[in-house]
Each structure stands twice: as structure tokens, then as C-alpha cells.
Amino acid sequence: MADSVDEDMPEEPFALQQDLTCPVCQGIFRDPVLLPCTHSFCRECLQKSLRFKRACPLCRVAFEAGQDISNRALRDACDTFLKYPELWPNQKRSSGDACNLHLKPLSLYCEKDEEPVCVDCVSLHNTHRLWPLLDGATICKRELSFKVQIFEKKVESHKKMTHKLNKAVEYIKCQAEQAEKQIRQEFERLHEMLNREERLRLSALATEEEQKIAAIQELIANTQKDVVALNELIETLKKEMGNEDLPLVQNFQNLKRQAQWTREDPHLSDDSLLNMGDHVGALSFKIWKNMQAHVKYNPVVLNPNTASPWLCLNEDLTSMKESPERLITPDNPERFDPCVFVLGVEGYTSGKHRWDVIVGDNPRWIVGVCKESVARKKKFTVSTSRGVWSIGLSKGVYTALTPERTELQVQQRPERIRVKLNVEKGEVSFWDGATAKHLVTLTHKFDEKIFPIFGPGLHTTPMILAPGKMAVHTS
């Protein structure tokens, strides 16, 4: 179509327009200047060219400052031409396959500037590495191919995380069902006088379940959106890589800007699971009011979200023992794995606290406290140097788990270990709970939250948190 239009145009105006066209910007001269080599350019176009070298943009002949003079005759001719638009042929535009500066074919690729150039542009890129256009296209494709591989791997990781998130939703539902069952049983035992409290706690459980599931489902939805976006990006890059070399190279910088992924990878947050201790831990004590005889109080309850997959906890979170097979649990950040430990629900930053642990005839166990930042996802040697202040039994020897492994002298096998924690004094002491005999005291200046820690060992005999004594004072 363009050729037929050009054929119908008068040759004289077209030739005149060519004479009045700046070779740099391909437009009618604006404030033209004349160089000693007799070539003319728009003043602005020449100034842009002089940023690289003081030479004619066409013939590359150097000139000195002040030798470029205004071309008044050419300026007047341009003004006259512009007064008669009926003489204008369609504006001639660069095909895009030629250099805008030298009007020569784009046959080279500048690796530093990541753009195609012509042979006359070599002097402007004399410190850059230039490649034939075919090799340049190969370089661009190679880099885009790396992007595609990265995004394809990211898609797979997002799919795997989506699967884990779906499993976490199912686990939360199981937690909610288990908690609901315990709550109902407890409230049935307390009969009608606690119906109001029962409704409040069920509502709290349902609300948290809804919130936690909603948060993860939102994360799932966002992850799936990321998968779609990544696939679209991959398809776009693959499609562009299938283009011819020159369009690909010309669009390469734009493609690089598009081929960025800054969104954070999906992951479970620290509090993504239900706070089971808040709902069912020491539940009787929490709902107790004027029914002391019907209430059991435990100063410490276990946090199932921290329990190793090799540990079974009872329903009211007060005992633990080895599981015959690995349990299916989410790999949430709080959970110990591979170490076989579980923490108490509540952490302490001040005050005095004490609790008893019934170890029975277990041949191997660890009891004590640890800092909140203790390692969860790797094996470590239990020691005060690792942020765990504890004692343990192994191979018939009772030991304070310090770096030097201090052996404890006991006259008879203690079946009940009492732990006393004084945060302000920086002391944690261990006692025989049955005889009140002191075993050892460990000291440290606690600078973060401290949690009870339990390691029942791989043994079928449960380790039990003994209920505490309650005293009621009214006024």
C-alpha cells in the first residue's frame, strides 16, 4: 500500500522534502546548522551527536568548536516548504531496520548497551564488545532461556507449596475437630451452668479456625495467581524468543524489564496453625468458676504445633510418648524435626514458675527449659551453650546437660522431676519431686522468652505433666 501511494506522488515535492530532511531525526530541518564538510543537521540533533565525538554524524569528519554555523538559506527554504502543506508527500519514516543516525542496516549487536547498531556506529561503541546480529540474537535467547528455566523451577516450587498449604488446611480442620470434641465433652461434664461459657469458647475456636483457614486459602489463591502469572510470563518469553533475530534484539530490553519476579515465595507463617493450647490446654482451669472440685489444673501444657512428628500427645496436652510411626503433620516453623522434643505452650519473660514431670521408669529423657530461638529444623547437641538448660537420663546416668556433662548423684531413681524457674534471678533448678531433694541448679542471664522443653525419648512409656495444686482466695 505504501509503495502505491508513493508512486502517485509528484516526484518534485518528494525530492524537495528529501533535501529538506535532517539525516538524523528524519524530519524537516529545525534551526539547521552547516558544518565545514557541507552537511547540515538540526541544531539539537547535532548537539546530541557531539556528546560522543566532535565530528560530522554522516561523514565523521572532525571539526572545531565554532565552525558549525547557522544555515539561514536552508532554514528559510524549510519555513517556505512548511507554509504549503499541500505539497507535502506522506512523511518518510524509518523502517526500523536501519540506524536512525546513519541510515544504514542494523547488522551488529552491542553486548554492553544491549542494542543493535550499524557498521558506522562502531566508533561510538569502540570500547564495547560487538557481535554479528545472529550471535547477538543467540546471546539474548540464552539469557532469556535462563529466565525461563528459573521461572519454570519457581512454578514447580509454587505448586509444591500449594500442596503443602492444602495439607495444612486439612490439618487445621482436624485440629478444629479434635478441639471441638474436647470442648464439648468438658462442657457436658460441667452441665448447664457452663453453657454460656461453652458457647463463647466454641465461637472463639470457630473464629480462629475460620481466620487461619482464610489466611492460608488467601495464600493459596495468591500462590495460584503467581503460578498463572509465571506461566503467562514464560509463554510471553517463549513467544518472543521465537521471533526473528532483529525484532527480538530490538525488544530485548523491554523483555528484560518484563522478565522480573520480585514477589516473595509463599510460606507458612509462625502462627499459621490453631493455638491449641489456648483452646484446650488447661481448659478446665480456664473455664472454672465456683466448681473447684470439678477442675484439674496443669501449670504447663504442651504445644502440639512444636511436637516432633515422632511424638504422640494426649487429648488434653499433658502427656507425651513415642509414636510407632511418623505422624503426618505440617512442616510449620515451630515444629521440632528431626529432634524429638516438644515445648510448653506458655513462655516466660519474668516471675517464678514451677512444674512437675512424671518420668516414671523411662530409660531415657530430657527435662528443662530453653530459649525461644532454639534450633527447630536441625539436629543439635543439647547443652546450655545451645540455649537449653536441662537434665537428662541416659544409659542409667543422670546428667546436667552442660558442655562438660556434669553427672548427678542420686540415691534412688526419681520418678518425678520438679522444675523451678526464677527468671529474674536467672536460675533454673531441678529437684526430686517425691523427696524434695535438690539435684542441681543452672544459672544464666535470660535475655529472651523461656519455654519448658521435654524430650521423652523413643520409648512407649508416657512422660506426664503432673497437675498442680490449687488454692482459692476470695474477699
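## Charges over aromatic rings

The charged end of arginine 376 is placed over the ring of phenylalanine 336, 5.2 Å from the ring centre. Lysine 420 likewise lies over the face of tryptophan 431, at 4.4 Å from the ring centre. A charge is taken to sit over a ring if NZ of Lys or CZ of Arg is within 6 Å of the ring centre and within 35 degrees of the ring normal.

## Basis of the model

The model is predicted; local features need pLDDT of at least 70 and side-chain atom pairs count only at pLDDT 80 or more, whereas totals for chains, interfaces and linings use all residues. Residues are numbered from 1 along each chain as its sequence is written, and side-chain values use heavy atoms, with hydrogens and water left out.

## Aromatic pairs

Five aromatic pairs are present in the structure. Phenylalanine 336 and phenylalanine 341 form an edge-to-face pair, 5.7 Å centre to centre with 70° between the planes. Rings of Phe, Tyr and Trp (its six-membered ring) pair if their centres lie within 6.5 Å; planes under 30 degrees apart count as stacked, over 60 as edge-to-face and the rest as tilted. Both phenylalanine 336 and phenylalanine 341 are buried (buried means under 20% relative accessible area, exposed over 50%, partly exposed in between, with a 1.4 Å probe and protein chains only). Ring pairs join Phe336, Phe341 and Phe380 into a cluster.

## Salt bridges

The structure holds 20 salt bridges, each a side-chain nitrogen of Lys or Arg within 4 Å of a carboxyl oxygen of Asp or Glu. In one of them, the side chains of lysine 256 and glutamate 114 meet at 3.2 Å, N to O. This pair links distant parts of the chain, 142 residues apart: lysine 256 belongs to helix H8 (residues 252-258), and glutamate 114 to the loop between strand E4 (108-110) and strand E5 (115-117). Helices (H or I, at least four residues) and strands (E, at least two) are DSSP runs, numbered from the N terminus. Lysine 256 is partly exposed at 23% relative accessibility, and a network of salt bridges links Glu114, Glu143 and Lys256.

A further salt bridge joins the side chains of arginine 416 and aspartate 356 (2.8 Å, N to O). Arginine 416 lies in strand E15 (residues 416-422) and aspartate 356 in strand E10 (residues 352-358), so the pair ties together parts that are 60 residues apart in sequence. Arginine 416 is partly exposed at 27% relative accessibility, whereas aspartate 356 is buried at 8%.
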